[in-house]
Amino acid sequence: MQRASHHSRVNATVVLNRRSVLATVAFTLAAVTGLVGCGSDTQVDYETAGGSGDSLVVYVGAGDDREILEYAVENLLPASAKIELVDASEDSNGKVAAGDGDLSFYQHIPAFEADLGTHSYDNLSIVSKVNVVPYGLYSSKWKDVKDTESWVNVGLVADEVTGQSLPHGSQVVLPATSTGFARGLYLLQSAGLVKLDRPFGGTSAVDLTITQANVLDSLRHLTLLGLGYDDYLQSLYENYDAVVLNPDDAASIGLTPAEDALAIEPGPGNPYAHVLVAPSRLAGDQRVLELARALESPELAQFLESKFRGANIPVAAAESE
């Protein structure tokens, strides 16, 4: 299963504390005031305030995960907040479980649950579901997935096409990997193009590896093709009716989810949400509550929308609407 990006093993530490910025500008970032409301999915019961004078040490993934967390700390936490960011590695959950660090933010739910199963970290839990790197449906031939009476690839008669919506009989390419193919199927279901034997959102191995056998009905009479992309992605995009891509693959051929996707994987209930993980010893710590609220806020959702243009979408803020 794919983990969120956390390949950097450099033990680079950034302390984000508004008051320290004047003394150590090169190593700190400013945090402005403005605590905002949180979504309803937080699993830990926060009732008692924790030690607000200490820094929270957070193991964070490289790239987008770090940028998202830095934005929340700089812009959405109280001035008194102290957050120390440390580059995550594969054993960061173990460090949090052992007390060598406080939180982790570098993985999606399946990766976290696999780590729990392997190492039996019974004192760790998800306290915030933040963002999703969504798969999208793209086409060089069609403009949307609205209802249509058009048909293509029939074979016996000439294609009958009116308008620019994805026609019945379209050939749709999905990633050949088990994860990519399954996510593609759920995407097609969310777009109203197929009907599966299960809803979106399950995190069991069976849910995450569904195949064409799980398709109850192809509402658009699609031909689904699981293909390896390799160096042929541009050709697949140009020669088939539609193709399912993750944001990196889309960007490699000049496509942006917000502008070019016919449909995007939903954020609410998404099993591939990137998560903030905390140990049970911090259940009741006000600092963790403040950070979870910031990461689930409408302000953070707006930042994701403007910064990533559909390549990162919010989870909790969307669920609370």
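Reply: Helices and strands here are DSSP runs, numbered from the N terminus; a helix has at least four residues and a strand at least two. The model is predicted.

Start with helix α3, which spans residues 109-119. Its buried residues are Ile109, Pro110, Ala111, Phe112 and Asp115. What lies over them? The cover includes two helices, α2 (92-98) and α5 (205-208). It also includes the strands β4 (103-108), β5 (124-132) and β13 (274-279). An α-helix has 3.6 residues a turn, so residues three or four places apart point the same way.

Now step off the end of the helix. Just after α3 comes Ser120, with a positive phi of about 55 degrees. Ser120 is not a glycine. Most residues other than glycine have a negative phi. Ser120 sits in the loop between α3 and β5. Is this serine buried or exposed? Ser120 has 55% relative accessibility, and the cut-off for exposed is over 50%, so Ser120 counts as exposed.

Asn153 belongs to the loop between β6 (136-138) and β7 (171-175). At 41% relative accessibility, Asn153 counts as partly exposed.

Next, the wider chain. The protein chain has 11 helices and 14 strands. It holds 321 residues, of which 49% count as buried. Take the contacts between residues at least 6 apart in sequence: 76% of them join residues at least 24 apart.

Helix α1 (residues 64-76) packs on helix α9 (residues 286-295) at an angle of about 110 degrees, with the axes 10 Å apart. That angle makes α1 roughly perpendicular to α9. From α1, the contact uses Ile68, Leu69, Ala72, Val73 and Leu76. From α9, it uses Leu291, Ala294 and Leu295. By class, the contact has eight nonpolar residues, no polar and no charged.

Last, a pocket. The second largest pocket has a volume of about 160 Å³. Its lining has 12 residues. Nearest its centre lie Tyr135, Pro175, Thr177, Asn246 and Asp249. The lining divides into five nonpolar, six polar and one charged.

Notes
Residues are numbered from 1 along each chain as its sequence is written. This is a predicted model: local features need pLDDT of at least 70, side-chain atom pairs count only at pLDDT 80 or more; totals for chains, interfaces and linings use all residues. Side-chain values use heavy atoms; hydrogens and water are left out. On a 1 Å grid over the protein atoms alone, a cavity is a set of points where a 1.4 Å probe fits but cannot get out, and a pocket is an open set with protein on both sides within 12 Å along at least five of seven lines; lining residues have an atom within 4 Å of a point. Grid points are joined across faces, edges and corners, and a volume is the space filled by probe spheres set on the points. Ala, Val, Leu, Ile, Met, Phe, Trp, Tyr, Cys and Pro count as nonpolar, Asp, Glu, Lys and Arg as charged, and the others, Gly among them, as polar. Axes are lines fitted to C-alpha atoms, for helices over the stretch in contact, and angles run from 0 to 180 degrees between N-to-C directions. Angles under 35 degrees count as roughly parallel, over 145 as roughly antiparallel, 65 to 115 as roughly perpendicular and the rest as oblique. Contact means heavy atoms within 4.5 Å. Buried means under 20% relative accessible area, exposed over 50%, partly exposed in between (1.4 Å probe, protein chains only).
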